[in-house]
Amino acid sequence: STPPNRNSGANHTEKKHPYKACLVELLSFLNGISYPHHHDFTATRLRQITDRDIACFLQKKAYGVALPTPSDRPTKTRSSTILFAKKASSHFIPEKRPLWDEIRGGGNPTKSDAVNEVIAKVKNLK
């Protein structure tokens, strides 16, 4: 039998695969649409996600705003939660292995300096 597609909502409910819930939350944030938990996203759409998209999503989770000011503090969630969100998002990125290439805007955006800096800042401020 053929293994299920990792992005298939039919085989990965939130209970079975918590990574899918994080992906849906990320794309709902980015697209301004509340997707159902089983929604499938195309590989083309997943390739369009940038490091800034992930960074803003993680900041929204931690600070309550996508672009926090220097005086804002991460009061909404802990660094371990946004680290999980990074890992869960990375699971669905079509190009998993390559680091994020700032110049061509390709690779895995969860492996960018921008994303890692958000996590480090939240960790240091908690």
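Among contacts (heavy atoms within 4.5 Å) in the protein chain between residues at least 6 apart in sequence, 52% join residues at least 24 apart. The model is a predicted one, in which local features need pLDDT of at least 70, side-chain atom pairs count only at pLDDT 80 or more, and totals for chains, interfaces and linings use all residues. Residues are numbered from 1 along each chain as its sequence is written, and side-chain values use heavy atoms, with hydrogens and water left out.

**Overall composition**

- The protein chain has five helices and zero strands; helices (H or I, at least four residues) and strands (E, at least two) are DSSP runs, numbered from the N terminus.
- Read from the N terminus, the order of elements is α-α-α-α-α.
- Of the 126 residues in the protein chain, 41% are buried, where buried means under 20% relative accessible area, exposed over 50%, and partly exposed in between (1.4 Å probe, protein chains only).

**Helix α5**

- Helix α5 holds 13 residues (residues 113-125), which at 1.5 Å a residue should span 18 Å, and its end C-alpha atoms are 18 Å apart, in agreement; the expected span is 1.5 Å times one less than the number of residues.
- The buried residues in α5 are A114, V115, V118, I119 and V122.
- Seen down the axis of α5, its buried residues fall within an arc of 140°, so they line one face of the helix; the arc is that of the directions from the helix axis to the C-beta atoms.
- D113, E117, K123 and N124 are exposed on the other side of α5.
- The cover over the buried residues of α5 includes α3 (51-63) and α4 (79-92).

**Helix α3**

- In α3, 10 of the 13 residues are buried, so that the helix is mostly covered.
- Among these buried residues are I54, A55, C56, F57 and L58.
- The elements covering the buried residues of α3 include α1 (18-31), α4 and α5.

**How α3 and α5 meet**

- The axes of α3 and α5 come within 8 Å and cross at roughly 20°; axes are lines fitted to C-alpha atoms, for helices over the stretch in contact, and angles run from 0 to 180 degrees between N-to-C directions.
- That makes α3 roughly parallel to α5, a term for angles under 35 degrees.
- Residues of α3 that take part in the meeting include D51, R52, I54 and L58, and those of α5 include V115, V118, I119 and L125.

Conventions: Angles under 35 degrees count as roughly parallel, over 145 as roughly antiparallel, 65 to 115 as roughly perpendicular and the rest as oblique.
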